[in-house]
Amino acid sequence: MFTIKMKMFATVLSLIVLSGCSSSASVQLTNDFPQVLAKPKPLSAAIVFEPSFSNYVARPNEKTEIDIGSAQVRLLRNAFAGLFSNLEFVASREEITLDRALVIIPSIREVQVSVPSDNYLNVFEVWIKYNLDLETTDGDPIDSWFMPAYGKTPDAFMASKSAAIGEAAIIALRDAGAKLMLDFYRIPTVNNWAIEERRKARQANIREVSP
Amino acid sequence: MKLSRLLLLLLTTIIIAGCSATTTIDEYRPTGEAIALNEDDRIVLLGRRDAGHYETDREFISCVGEKMKGGDIRVLPEQEFIDAIYPWFEPRTAPKGLLRLKRLMQDSSIKDEVNKLSIRYLVWLDGSTETLDSGGSMSCAIGPGGGGCFGFAQWDKLSVYEAIVWDLQDLTEKGRLRVDSEGTSYLIGAVAPIPFLTPVKSDACASLGNQLKGFFTVQSNAEQ
C-alpha cells in the first residue's frame with residue numbers, strides 16, 4: 001500500500017516538474033484594470049471595437065498563444081473614459097449614433113514575445129503594436145496612429161512560463177493605457193481636431209444665447 | 001572516530017561561516033535629524049522598473065515594507081498606490097526626478113488622490129540581485145540500485161539596492177540609502193545534495209528595511 005502511494009506521489013511530482021518545464025504557453029488574461037486618474041476633455045468619441053479586435057488571440061510564435069481580446073477592450077474602455085467626457089462603444093461603424101465625434105478604430109499590427117532563452121536576460125518581454133485609425137463621423141480619415149506598448153516581468157525560479165508571459169502582457173496593456181493618456185492629445189491632427197471642435201461648440205453656444 | 005567527528009564539525013563550521021553575507025550600507029541625509037511622520041501619514045515603497053535588463057522585484061519591495069512596519073510606521077502596498085494613481089506611476093510615466101514630480105503634483109486630481117491615501121513620503125527602491133561567479137561541478141545519477149549526487153558547486157551573489165526618499169508635501173528629497181550585500185553559497189553532493197545558501201537578498205532587505213525605519217520618527221497628533 002505504502003509502495004503504491006509513493007509511486008503515485010513520484011508520478012504526480014514528475015508531472016508537475018515536467019509541466020513546469022513545458023516550453024509552450026497558452027495565456028488568457030482575465031484581470032481587471034484600474035480606472036484612470038484624469039479629467040476627460042469635453043469632447044465626444046465613438047470607439048469601434050470590431051469583433052476581430054475584441055476576440056483577438058495573439059500567436060507571436062508557434063509555441064505561444066495569448067488571448068488578449070477582452071482584456072484590451074476592458075483596458076481601452078477605462079483609458080478612453082479619461083480622455084473624452086462623451087463616449088460611445090460600438091462593435092461596428094454603422095452602430096455609431098453620436099454626431100461630431102472622433103471615431104477611433106483600434107487594431108493590432110503585431111504581438112511579439114521574448115523569453116530568457118531568446119534575450120539572455122532574466123526577463124520575459126511582451127510588445128503589443130497597436131494602430132488607431134482616427135476618422136470623423138462622416139468617414140473622413142484624420143490620422144492613423146501607431147501606438148507600441150511594452151511589458152516585462154522578471155524570470156523566477158520554477159515559475160511557469162505562461163504565468164510570466166501573462167504578467168508581462170498585463171504590464172504591456174497597462175503601458176498602452178499610459179501611452180494613450182500621455183500622448184493622445186499630443187498627436188497634431190487630434191490636437192487640431194480638438195481645437196476645432198471646441199471652437200465649433202463655442203460658436204454654437206453664442207448662437208443659442210444671442211436672440 | 002573522535003578525529004573524524006572533529007573534522008566533520010570543523011568542516012561544517014567553516015561552511016556555515018562562509019554562508020554569511022557581507023553587507024555595507026551607505027546613508028546620505030541633508031540633516032542628521034529623523035524625518036517626522038504624522039501618525040496618520042503613510043509611506044509608500046515603489047520599485048523602479050524602467051531599466052532594460054533588470055527589474056526591482058516586487059518580492060523585495062514587500063520584504064522591505066514588512067521590515068519597516070514596526071514602530072508605528074504605516075506602509076501602503078505598492079500595487080494599491082500604483083492602481084489608485086494609474087497611469088501616472090507606470091514604468092513609462094513614473095517621475096524620475098523631482099522636477100517631473102512637481103509637475104505631476106500640480107494636477108489637482110493626482111494631488112487629491114495622494115492626500116486621500118494619506119501618503120506623505122515616497123521611497124523609490126532601485127536595484128537587483130545578480131549571480132556574479134560560479135564554479136565547481138556536480139553530477140547526479142540514478143540506477144536500479146538507487147541514485148545520488150556527487151561533487152561540489154559554489155556561486156557568488158551580489159545584491160545592490162538604492163533607496164531615495166521623497167517628501168510629497170514639500171516635494172523635496174529627504175535622503176538616500178544604498179545597500180551592498182555579497183555572499184557565496186555552496187552545494188555539496190554527498191549522495192544527497194546538501195545546500196548551504198547565503199541569504200544575500202534577505203540580508204539586503206533586512207538591512208535596508210531597518211535602516212529606513214530609523215530614518216523616520218512617528219509623532220502623535222497630540223505632540224504637534
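Two strands pair if DSSP finds at least two bridges between them. Helices (H or I, at least four residues) and strands (E, at least two) are DSSP runs, numbered from the N terminus. This is a predicted model, where local features need pLDDT of at least 70, side-chain atom pairs count only at pLDDT 80 or more, and totals for chains, interfaces and linings use all residues. Residues are numbered from 1 along each chain as its sequence is written, and chains are lettered from A and ligands numbered from 1 in the order in which they are written.

**The sheet of chain A**
- Five strands of chain A make an open, mixed sheet in the order β5-β2-β6-β7-β8.
- Its edge strands are β5 (84–90) and β8 (141–154) of chain A, each pairing on one side only.
- Strands β2 (residues 41–48) and β6 (residues 102–114) of chain A run parallel, joined by three bridges.
- A:I47 stands opposite A:I104 in β6(A).

**Helix α2 of chain B**
- In helix α2 (residues 58–68) of chain B, the buried residues are B:F60, B:I61, B:V64, B:G65, B:K67 and B:M68.
- Buried means that 20 or more other C-beta atoms, placed from the backbone, lie within 10 Å of the residue's own.
- Seen down the axis of α2(B), these residues fall within an arc of 160° (taken from the directions from the helix axis to the C-beta atoms), so they line one face of the helix.

**Where the chains meet**
- 15 residues of chain B are in contact with 16 residues of chain A (C-beta atoms, placed from the backbone, within 7 Å).
- Helix α5 (residues 108–116) of chain B gives the most to chain B's side, with three residues.

Note on methods. Two residues are in contact if their C-beta atoms, placed from the backbone, lie within 7 Å. A residue is buried if 20 or more other C-beta atoms lie within 10 Å of its own, exposed if 12 or fewer, and partly exposed in between; C-beta atoms are placed from the backbone.
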